[in-house]
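Here is a briefing on one protein model. Look over the sequence and the structure first, then read on.

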Amino acid sequence: MTPLLALERESLGYGGRTVLSEVSLTLAIGERVVLLGRSGAGKSTLLEVAHDRMAPHTRVALVPQDQALVPQLSVLRNVMMGRLDDHGAWRNLRALIRPPAADRAGVRAVLDAVGLAPEIDRPVGQLSGGQKQRVALARAFWRGGAVLIGDEPVSAVDERQSGALLEDMRARFDTALLALHDVAMARGFATRLVGIGRGAILFDAPPAEVSDADIAALYTR
Ligand SMILES: Nc1ncnc2c1ncn2[C@@H]1O[C@H](COP(=O)(O)OP(=O)(O)OP(=O)(O)O)[C@@H](O)[C@H]1O
């Protein structure tokens, strides 16, 4: 089967500056690929390119690192934005002004999954960092799709909660590409671990084939 994503020996960067060289990466349906690497290694850069280069017509749900929420708007309306491109501008405008009952009920169900149903009408700007992150996740759940791309999607929530949220991501999406900093969680979630360091992909293998020393080497200079 053709992979959803296939990068082959590509150079990724900004302007004239290369961040990652010779990047080869594939993502096939059913895979859960987790990127590991120190801060600034290039995980977000790679996720952004992966998002841009996903096979045409692949529905992608995205949890960006900066969450991209509108603080003045309610949790309900922020989550509804996950489906904006399913509708025309006129329907969207009406729905954001007066959310239809069916949207509200559906959004409440995904908020329940992330433990935020009681906050449905609060402006996102009033929420804690971990709550905001869960709104961004709920927006991705509400969107749904073939692939979830998440840039540290559980970095601001506690360990117990993040384990449950990762389970939920696995149940809702067949295929995922995430950056995670918690190595144990990455090992538990991934079908493949991709280690990024020194401006390149240093390993790309199933968790059982990646040693703790391989991972530790990513985080030492
Ligand atoms: N928009 C941009 N323009 C120019 N340089 C950028 C831009 N975004 C990131 N960079 C640079 O690219 C390099 C990789 O950054 P990136 O955000 O991909 O790392 P990361 O592994 O995701 O880090 P973190 O874990 O801290 O999010 C860094 O040196 C960063 O300064």
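Which residues surround the ligand? They are Tyr14, Val19, Gly37, Ser39, Gly40, Ala41, Gly42, Lys43, Ser44, Thr45 and Gln65. A residue is near a molecule if its C-beta atom, placed from the backbone, lies within 6 Å of it.

This is a predicted model: local features need pLDDT of at least 70, side-chain atom pairs count only at pLDDT 80 or more, and totals for chains, interfaces and linings use all residues. Residues are numbered from 1 along each chain as its sequence is written.

**Ligand shell**

- Helix 1 (residues 43-52) contributes the most to this shell, with three residues. Helices (H or I, at least four residues) and strands (E, at least two) are DSSP runs, numbered from the N terminus.
- The shell holds three nonpolar, seven polar and one charged residue. Here Ala, Val, Leu, Ile, Met, Phe, Trp, Tyr, Cys and Pro count as nonpolar, Asp, Glu, Lys and Arg as charged, and the others, Gly among them, as polar.

**Domains and annotation**

- The protein splits into domain 1 (1-59 + 145-221) and domain 2 (71-143). These bounds come from an automatic or database domain assignment.
- The C-alpha centres of domain 1 and domain 2 are 26 Å apart.
- Eight residues of domain 1 are in contact with 10 residues of domain 2. Contact requires C-beta atoms, placed from the backbone, within 7 Å.
- On the side of domain 1 that touches domain 2, helix 6 (residues 159-172) supplies the largest share, three residues. That side comprises five nonpolar, one polar and two charged residues.
- An unreviewed UniProt entry carries the annotation "domain: ABC transporter" for residues 5-220. UniProt positions are given in the numbering used here, feature names are shortened, and annotations may be inferred rather than shown by experiment.
- The end C-alpha atoms of residues 5-220 lie 30 Å apart, and the span is 38% helix and 24% strand.

**Strands 1 and 2**

- Strand 1 (residues 5-14) and strand 2 (residues 17-27) run antiparallel, joined by seven bridges. Strands pair if DSSP finds at least two bridges between them.
- Ala6 has Thr26 of strand 2 as its bridge partner.
- The two strands form a hairpin with two residues between them. Gly15, in the turn, has a positive phi of about 55°.

- Six strands make an open sheet of mixed pairing, in the order 4-5-6-3-7-8.
- Strand 4 (60-63) and strand 8 (200-205) each have a single partner strand at the edges, so one side of each is left without a neighbour in the sheet.
- Neighbouring strands of this sheet are turned by 15° against each other on average, direction ignored. Axes are lines fitted to C-alpha atoms, for helices over the stretch in contact, and angles run from 0 to 180 degrees between N-to-C directions.
- Strand 3 (residues 32-36) pairs with strand 7 (residues 192-197) in the parallel sense, over four bridges. Leu36 has Gly195 of strand 7 as its bridge partner.
- Helix 8 (residues 212-219) packs on the sheet and touches strand 3, strand 7 and strand 8. The direction of helix 8 makes about 35° with that of strand 7.
- Strand 7 and strand 8 run antiparallel, joined by five bridges. Gly197 has Ala200 of strand 8 as its bridge partner.
- Two residues lie between strand 7 and strand 8 in their hairpin, where Arg198 takes a positive phi near 50°.

Terms used: Contact = placed C-beta atoms within 7 Å.
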